Amino acid sequence: MDIVLIDNEMMKVTGIMENRLMVSRGFQDTKIQRHMVGATVTLQSLEDDDYINGNNNEVNTVYEVLRNRALEERFEDFEEMEFIELLEDVSNADSGNNVTTFVYIISDRYQKKKNLDSKGNHNDEKLLAYLINKLELIVKQNYSILYFHSASEDHQLEFTFLSKAYSIMSRDYKQNLQHLWIVHPTFWVKMAFFFCSPFMETTVATKVFVCESLKDLYVDFEKDGLPLPSEVIKNEEARNKSWF
């Protein structure tokens, strides 16, 4: 579970609304207190700490199980959502450079409520197997990821899930990753990334860029040369309006 500490009071995070955390006060019998505006918020724990910190001794076994599932399952429901798109950059192919594949993960298209396990919880394993199904061959060469986060909780990929994915993926996923752009992050995604980045390999952490807006993304791309899904454009417009 996601726990934060403010002063001496622990709180369980129950949800996120725009830039606000919804919490259950007085977690683990800590005293409910009044807090000053601007009080320091400290992340105490995340779900599946073993995955996040890379301490799970069965990580390789988990990956192989998921990989076998990726080869056997068809994933028609995920394919219909079209929340993963692949684009190849062949601009430097003639010069002998490797082709780089750009992986678009469009969170607004992902429907979490359609991916639940028998207990009604989000089916992380099925989604991880699908990611392996889509990326297993691509990650053998250079690739980059553009992850477009959603403003809606019905579509968001939780940071704990992303951390789990990072931990169990094979060496090729990390070694051949060129860049990872996280676009339109919520407050909680930024905060969780801040606290988890020390546990990431340095070579990977330096490849991650957090983009508040498309303007930040255009620092690395030519505006006219970057095709963007319509959902991302609408999200950008909504975020811009919220400032006024």
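1. F78 and Y130 are both buried (under 20% relative accessible area with a 1.4 Å probe, protein chains only; exposed is over 50%, partly exposed in between). Their ring centres lie 5.0 Å apart with the planes at 50°, so this is a tilted pair. Rings of Phe, Tyr and Trp (its six-membered ring) pair if their centres lie within 6.5 Å; planes under 30 degrees apart count as stacked, over 60 as edge-to-face and the rest as tilted. F78 belongs to helix α3 and Y130 to helix α4, 52 residues apart, and the pair links these distant parts of the chain.

2. A note on the basis: this is a predicted model, where local features need pLDDT of at least 70 and side-chain atom pairs count only at pLDDT 80 or more, while totals for chains, interfaces and linings use all residues. Residues are numbered from 1 along each chain as its sequence is written, and side-chain values use heavy atoms, with hydrogens and water left out.

3. The structure holds 12 aromatic pairs. One of them is F78 with Y110, also tilted, at 6.1 Å centre to centre and 55° between the planes. F78 sits in helix α3 (residues 76-81) and Y110 in the loop between β6 (100-106) and α4 (124-135), so parts 32 residues apart in sequence are tied together. Ring pairs join F75, F78, F83, Y110 and Y130 into a cluster.

4. K126 lies over the face of F78, 5.1 Å from the ring centre, and the charged end of K174 is over the ring of Y166, 4.5 Å from its centre. The criterion is NZ of Lys or CZ of Arg within 6 Å of the ring centre and within 35 degrees of the ring normal.

5. Which residues touch the most other members of the largest nonpolar core? Of its 39 residues, they are F78, F83, L127, Y143, I145, M169 and Y173. Such a core is a set of buried Ala, Val, Leu, Ile, Met, Phe, Trp, Tyr and Cys residues joined through side-chain atoms within 4.5 Å.

6. For the whole protein chain, 43% of the 244 residues count as buried. Residues 24 or more positions apart account for 73% of the contacts with a separation of 6 or more.

Key:
Contact = heavy atoms within 4.5 Å. Helix = DSSP H or I, 4+ residues; strand = E, 2+ residues; numbered from the N terminus.
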